[in-house]
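Work through the exercises below with the sequence and the three-dimensional structure open beside you, and try each task before you read its solution.

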Amino acid sequence: MRPTEGLWDRGGPETARPVAQPRRPASFLSSEGLFAWLMISPGLALMVGLGTLPLVLLVGLSFFRINLTNPAGNRWAGVENYIRLLADGQFWNSMRVTAIYTVSGVALQVVIGMALALFLFRVFVGRNLVRTLVILPLILAPLVAGMLWRTLLLTPRFGILDYVSYSLGLGSHEWLTSSRLALLSVIVIHVWQWTPFAFLVFLASLHALPVEPLEAARLDCRSWWQELWYVILPLMLPAIVIVAILRTIAALNAFAQIYAATEGGPGTATQILNLYIHNTAFVGLSIGYGSALGAVQLLITVGVALLFFRFRMRMAQ
Amino acid sequence: MKGKRIDRPSRRKFLGAGAAGIGVAITSGLPGLLRGQSKVYAAAPAAKVVDPELADFEKAGIDWKQASGEHITVMVIPSLFFRVAQEFSPQFTKLTGVNVTWQVIPPVQMREKHVLDLSTKTGQFATVSTDPQYYPLYAVNKWVDDLAPYLDDPKLTNKEWLDLKDVFPLWLEGASHEGKLYGLPYDGEATLLLYRSDLYKAKNIAVPQTFDDLMEAARKLHDPANNLYGGNFGYHIRLINMYIWPSVFRAYGGEWFDKAGNPTVNNKQSIEATTYYVDFLTKYAPPGVANWNWPESLDAFVNARLAQTFMGSATVPVAANPAKSKVVGNFGVARWPKGPAGKRVTSLWNWSFPINAAISPKAKRATWMFIQWMASKPMQIQTSYGYRGKEESRSGVNRMSMWNDERYRKTVAFAAGFADTVLTSIREDTDLHWRPRVPQWPELANILGIQLHRALAKQATPKEALDEANAKIAELMKQG
């Protein structure tokens, strides 16, 4: 490379080229850099102000004893809040409920979403109508979805689903107030509402798959299952991982749907970590301890996301 | 050849235009837009002669306009009684020159926003409809002003005209902490037994006087095959348990704390009360009742699915409204039955207005004018029997004299003896310690509500649930 080649070298005739001068550092105020910073600074400030700073504040508050019901006792607490949560039965219960809710919810969304996408990928009469119907739950606000299931669908004896269950001889059940069924019910509500998201991503991915391997698979594989297992699913793996990442983060941060359906009850049967944090900080007004719980939630969410991304990067390599 | 020069937009011009646009927006009212006000009533020009509409307020003889030009934001719950008050907001502006923005938000979210506003001292809300339970918390934190200086200043208050002796004393006590008054009540209620008088008559059942009578009536009336359930205690979804259960607990002789200040919610009386509560609901309430809030309970009663239930008196107008109820003319109201401790215990419930300590002195004066106006007798009259008739009438005025006034009693004749039942309940059955009056109340209610819900869902026996609650409350109180 010639020493003068670079950003300003447009490759003109040798004679027209100016004599090489040592490049003076452009004044910051007149540089493109300033303009770039000016352009991105409002967005950056918003992102830092609304996203990063509250998280830093959250972690900071977790080291204080701040209880609004007794401000006289507020003080620096070090890791006291974190030690307290290790012995807190409700915390461990909410961790257990969160794990069941997240793992089963995401797994069901991926499996059902994939099945629907594979089914509706095929051409048949009325396909577009069925696709539209499938994505309808997605347009509801989670709070509305929770209320809808709590009132119209699962109310014992009057809810549509309970009525169907009763009519089929399966009995009427306390879907949301029985400790045996409540967690299952809120998982079903979650899966019902968010499977369409998985379905849409998978359907788009199926449309984008290369044709050649699929045609070759059709000739080489003995059955559709083989074609699915050895060709389609490996090709779809990046989409599956993306759906798993996004839905796991969303499930870990779920709130409105469960709040509307059960408020975390009966007792603490459906109290995921997010609800416990809300209850501790905003109902019980224990801001310091609530922040410690929030910091744990943050750590889990970031940890899970990093794991997934690492897996995806390894896959890409 | 030089063509005509085209004035292209440059970066510099683009930034300049953007900055100018922002400047224009800021100076031309964007702040008002950002405040997100739902309703703003503009101040009217001062009247030279006394407006007949304001005559009853002008009798106070104070300078109502001393905070003229101020703008206050008031947060209330969605309800008939506050909707009616909002309709008179232009009158308040005409009287005082103070503009009011009303924000209407459901109670749970309202309390969260209020606590957030008070604790961060942002002064967003000049005053908020507040239930008695929160005053200890607000007072301990000095988030709201002691009202004594306002009441004792003749420039601000004509005590004779305001006549707080006519307001239910326990409602004022509910808005007080350690002898200091922090809020003035606007509207309130008592929880009552609502029962199907036609069914009582058909089965020859007398109005229950004791908890045993209540259980027996439920047993006789329970007919789930015909979609009729023997009874309900009102509302039970998680923390909402703490609206009705305290009445049962206190009627059984339960005490929140012993003399040394240790919690006693797992003592013998409490376990018996909770066992009764759970038994009654398990045997005679509709399935899924553990997830009910008050709309579901009211809905079941007005749709003739419940033979008896406990509700706040403010909901009775709905049961008497033919457009919304199937039990019009076939229901009655009664005081709480006596518990084993020999007493009837109803809720201590009213909505009062404190003054946010974080707002400016002028805004505080404006807020005091607002609070006085809301609590005053002329306002209570014009929003109740002075209003549009029975269906739209308030049923929870704060003045004892009005409960004895035929004009008011006629507009609240929703059921036989309604006014007398409410009045007697408020006077004789209201228990100041219906709920513990401690700043830790929000967390204490949280703990107990969840444990009661566990007992209702059979996740724990009443004793197990209360033992756990008591241990957690002890820990809470120890932390301070």
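Predicted model: local features only at pLDDT ≥ 70, side-chain atom pairs only at ≥ 80, totals over all residues.

**Exercise 1.** Determine how helix α22(B) and helix α23(B) are oriented to one another, and describe the residues of their contact.

Solution. Begin by finding the two helices in chain B, where α22 covers residues 441–456 and α23 covers residues 462–479. Their axes lie 9 Å apart, and the helices pack at an angle of about 165°. Because angles over 145 degrees count as roughly antiparallel, α22(B) is roughly antiparallel to α23(B). The handedness comes next, and the crossing of these two helices is right-handed. On the side of α22(B), the contact is made by residues including L444(B), I447(B), L448(B) and L452(B), while α23(B) contributes, among others, A465(B), L466(B), A469(B) and I473(B). Sorted by class, the residues of this contact comprise eleven nonpolar, one polar and four charged.

**Exercise 2.** Describe the contact between chain A and chain B, asking which element gives the largest share of the side of chain B that touches chain A.

Solution. First take the totals, which are 31 residues from chain A and 25 residues from chain B. Then look for the elements of chain B that give two or more residues to its side, and these are α6 (107–120) and α22. The largest share of that side, seven residues, comes from α22(B). Finally, the side of chain B divides by class into ten nonpolar, ten polar and five charged residues.

**Exercise 3.** Compare the end-to-end reach of α12(A) with its expected value, and find what covers its buried residues.

Solution. Helix α12 of chain A runs over residues 287–316 and has 30 residues. From its first C-alpha to its last it reaches 42 Å, which is close to the 44 Å expected at 1.5 Å a residue. Among the buried residues of this helix are I287(A), Y289(A), L293(A) and Q297(A). The elements of chain A that cover the buried residues of α12(A) include α1 (32–61), α3 (89–121) and α11 (273–283).

**Exercise 4.** Decide whether E272(B) is buried, partly exposed or exposed, and then find how much of α17(B) is buried.

Solution. Start by placing E272(B) in helix α14 of chain B, which spans residues 268–284. A residue needs 20 or more C-beta neighbours within 10 Å to be buried, so E272(B), with 19 inside 10 Å, counts as partly exposed. Turning to α17(B), this helix is mostly covered, since 13 of its 15 residues are buried.

Methods. Residues numbered from 1 in each chain as written. Chains lettered and ligands numbered in written order. Axes fitted to C-alpha atoms, helices over the stretch in contact; angles between N-to-C directions. Helix = DSSP H or I, 4+ residues; strand = E, 2+ residues; numbered from the N terminus. Parallel < 35°, antiparallel > 145°, perpendicular 65-115°, else oblique. Left-handed = near helix turned anticlockwise from the far one by under 90°. Contact = placed C-beta atoms within 7 Å. Nonpolar A, V, L, I, M, F, W, Y, C, P; charged D, E, K, R; others polar. Expected span 1.5 Å × (residues − 1). Buried ≥ 20, exposed ≤ 12 C-beta atoms within 10 Å, placed from the backbone.
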